[in-house]
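This report describes one structure for a reader who has not seen it before. Please look over the sequence and the structure before reading on.

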Amino acid sequence: MFLHLQDEGYNGNKLSGRARGKAATLIYRFKSIMQKVDLSVTLCSIPLRNPTILASGILGTTRALLKRVAENGAGALTIKSISTEPREGHNNPTVITFEAGMLNAVGYSNPGMHAAAREFSDLQEIGVPVIASVIGTEHEDFMRVVEGLSKIQFSAIEIPLSCPHTPGFGLLSGQGTPESTFKITSLVRKATKLPIFVKLSPNSPELCTAAKAAEDAGADAITAVNSMGPGMAINIDAQRPVLGFKVGGVTGDALRPIAVRCVYDLYKAVKIPIIGVGGISTGRHAIEMMMAGASVIGIGTGVYYRGIDVFRKVSEEMALWLQKNGYNTFRDIIGVVHD
Amino acid sequence: MIEQPRMINICDVWEETPDTKTFFFPFEGPFTPGQFFMIWIPLLDEKPFTISYIQEEFLGITVLKRGIFTQKFHEKKAGDSIGIRGPYGKGFELQTDLRSCLIGGGIGMASLATIVDRLHNVTIIQGAKTSSELLYRKRFQDMNLCTDDGTLGYTGTTVDVLNALLEKQRFQKIYACGPERMMYKISEICKKHDIEYEASLERYIKCGFGVCGQCDCSGQRTCIDGPVFHQQELIRMADFGKISITKTGERVIHP
Ligand SMILES: Cc1cc2nc3c(=O)[nH]c(=O)nc-3n(C[C@H](O)[C@H](O)[C@H](O)COP(=O)(O)OP(=O)(O)OC[C@H]3O[C@@H](n4cnc5c(N)ncnc54)[C@H](O)[C@@H]3O)c2cc1C
Ligand SMILES: Cc1cc2nc3c(=O)[nH]c(=O)nc-3n(C[C@H](O)[C@H](O)[C@H](O)COP(=O)(O)O)c2cc1C
Ligand code: FES
């Protein structure tokens, strides 16, 4: 069961009488839904209690935060991307919002693979699968990081070949082309037996060919999509771009229609499952993404829109929608728009 | 709310000590002591600062010169503009009728200054390395001061002063901001004497609104779940007083 309502009291254990009453009614309501709708799913032989996954780069910096997101209902978690060496990333502002979404140029700040291997210990105790996100500048770096993290019990490896705002990585170094995608995926395939998810860019005119190249090289799923752009926000009073790196990836509501279209195209192009990411913050968004062809969905910016328990909320809303529309499981809606 | 800085004009600058300056700017809107703003210097960087003065429609920020950003900040004059966004985070939960004690270590005093007037019965303890670093000496006449080098007040730390005061009197609540080891020691004392306690933590802040995960302290995001935490939370946070996180995201022994 995906609900852990006792965790509503996480901030100081101060659940008031009224909140306790509300929690009890919610538990009752969820229990009655859960008897009818099955949200569990198996993704590349990994069992998930529900199809919501924490996207990479949002809160996935420490083991403690992963645990907290799990307590708030996520079906699986992705850590923030890790490189061989530590990186400080770009200067602030690194994350800002606008009317229709978020702009970020964090610049892949991360403590490097050795510190990450120390940080992400005892992952089984978290209770839900944890996915490693692995980045590199050279093709071989991906392999090195996978090896550096090999003692940690990750459930899968995600390789983002799609970041739009970090020199040396992703789009800024041509990693998302079908050729590079094939090479990098093949190298990682040799380095691990874990399922590999290749994360692609919504910008790519070669999206489907890149996905096919990943599938041919042994990828087990496609994560679609990373942030789009880059975009820019200018403070007109300062007459300067706002982000420290000037440009950054666009996520959230603005990205959703693009992400849905990417997943729709990919569903026809590859046989392996698709993890649909981009602008999902409600159960209806999640179902829309699944109808386009996603087997499970990722949530990032949704944490900003609706709080850390967005995973629980989205799962609840999916269950309600499915129940209302006469489905026992969301698996029946995957790809339905394609007939 | 849209999380982007907007430009405001600095209207006054006060020199507090050789290394700290207070910048005043117009601001209307609610603000709880302990909350913070992100201050943007275009093309340079953006960093967190708490409010140290609330005066009608003006707020003040007291800035200690530490590195590149705060050096550039110190070059700003009345009439210059800076970007701000916020207020962010959870401030102090003021219990005005309790007999309380404020404990500020170094620049941490800035975060506590705005609550002095709101408490009815308050004792202030302030500590610094040396006398020239002590803040707001004209503003708050009646403080228990201490310095590491003994140049003013008691020679020793705020923790020593607190222990001495507790031999003669009782506090019902303590508010603290300063070096984390200091705040940790005070937490132990509060546990022993059964005193309510709130402390404001410092962690590396990137987004400021709870999405990047940079400011974690044992699963709590300092920027949105804090920076002020209550004793009940502090004792559950294994990293409090022990581990902090660098700009890369590495967890290291707290300096
Ligand atoms: C919630 C909060 C409120 C603060 N309020 C004040 C205040 O009122 N007055 C004041 O003088 N200082 C305050 N600080 C600290 C202030 O943000 C840093 O001193 C400042 O960012 C240093 O920048 P720098 O470039 O001058 O120094 P640097 O050389 O970059 O860094 C010096 C030290 O400052 C800290 N620091 C640097 N960047 C950040 C960051 N983005 N977030 C958090 N810490 C950082 C680090 O510990 C670093 O070791 C506050 C910090 C936090 C977290
Ligand atoms: C602040 C922030 C940091 C991110 N960092 C990473 C990262 O380190 N690695 C990565 O593969 N994607 C990263 N992303 C992209 C997200 O994982 C996700 O693909 C994207 O945000 C779209 O989903 P959303 O609209 O639900 O946020 C980041 C996104 C944001 C907003
Ligand atoms: S600074 Fe980004 S989560 Fe706190």
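At what angle do helix α7 and helix α8 of chain A pack, and how many Å apart are their axes? In this predicted model, helix α7 (residues 256-269) and helix α8 (residues 283-292) of chain A pack at an angle of about 30 degrees, and their axes are 8 Å apart. Angles under 35 degrees count as roughly parallel, so α7(A) is roughly parallel to α8(A).

The contact can be followed residue by residue. From α7(A) come R256(A), A259(A), V260(A), V263(A), Y264(A) and Y267(A), which meet H285(A), E288(A), M289(A) and A292(A) of α8(A). Sorted by class, the residues in this contact are 7 nonpolar, 1 polar and 2 charged.

The next topic is the interface of the two chains. Here 43 residues of chain A are in contact with 40 residues of chain B. The size of an interface is often given as the accessible area lost when the parts come together. Between chain B and chain A, the buried area is about 3,500 Å², and carbon and sulfur atoms give 52% of that area.

The rule finds 4 salt bridges across the interface of chain B and chain A. One salt bridge joins the side chains of R118(A) and E250(B), with 3.2 Å from N to O. Polar contact across the interface of chain B and chain A is found for 20 residue pairs, with both residues at pLDDT 80 or more. On the side of chain B that touches chain A, at least two residues each are supplied by β1 (6-9), β4 (36-41), β5 (45-50), β16 (220-221) and α5 (231-234) of chain B. The residues of that side of chain B comprise 15 nonpolar, 10 polar and 15 charged.

Most residues other than glycine have a negative phi, and most peptide bonds are trans.

| Cis peptide bond | Omega |
|---|---|
| N92(A) to P93(A) | about -10 degrees |
| G229(A) to P230(A) | near 15 degrees |

P93(A) is found in the loop between β4 (76-78) and β5 (95-98) of chain A, whereas P230(A) belongs to strand β11 (residues 228-232) of chain A.

Where is C44(A) placed? C44(A) lies in the loop between β1 (41-43) and β2 (46-48) of chain A. Although C44(A) is not a glycine, its phi is positive, at about 45 degrees.

Notes:
Residues are numbered from 1 along each chain as its sequence is written. Chains are lettered from A and ligands numbered from 1 in the order in which they are written. This is a predicted model: local features need pLDDT of at least 70, side-chain atom pairs count only at pLDDT 80 or more; totals for chains, interfaces and linings use all residues. Side-chain values use heavy atoms; hydrogens and water are left out. Axes are lines fitted to C-alpha atoms, for helices over the stretch in contact, and angles run from 0 to 180 degrees between N-to-C directions. Helices (H or I, at least four residues) and strands (E, at least two) are DSSP runs, numbered from the N terminus. Angles under 35 degrees count as roughly parallel, over 145 as roughly antiparallel, 65 to 115 as roughly perpendicular and the rest as oblique. Contact means heavy atoms within 4.5 Å. Ala, Val, Leu, Ile, Met, Phe, Trp, Tyr, Cys and Pro count as nonpolar, Asp, Glu, Lys and Arg as charged, and the others, Gly among them, as polar. Buried area is the accessible area (1.4 Å probe) that two parts lose on being put together, summed over both. A polar contact is a pair of N or O atoms within 3.5 Å; within protein, one must be able to donate a hydrogen and the other to accept it, and residues adjacent in sequence count only if both atoms are side-chain atoms.
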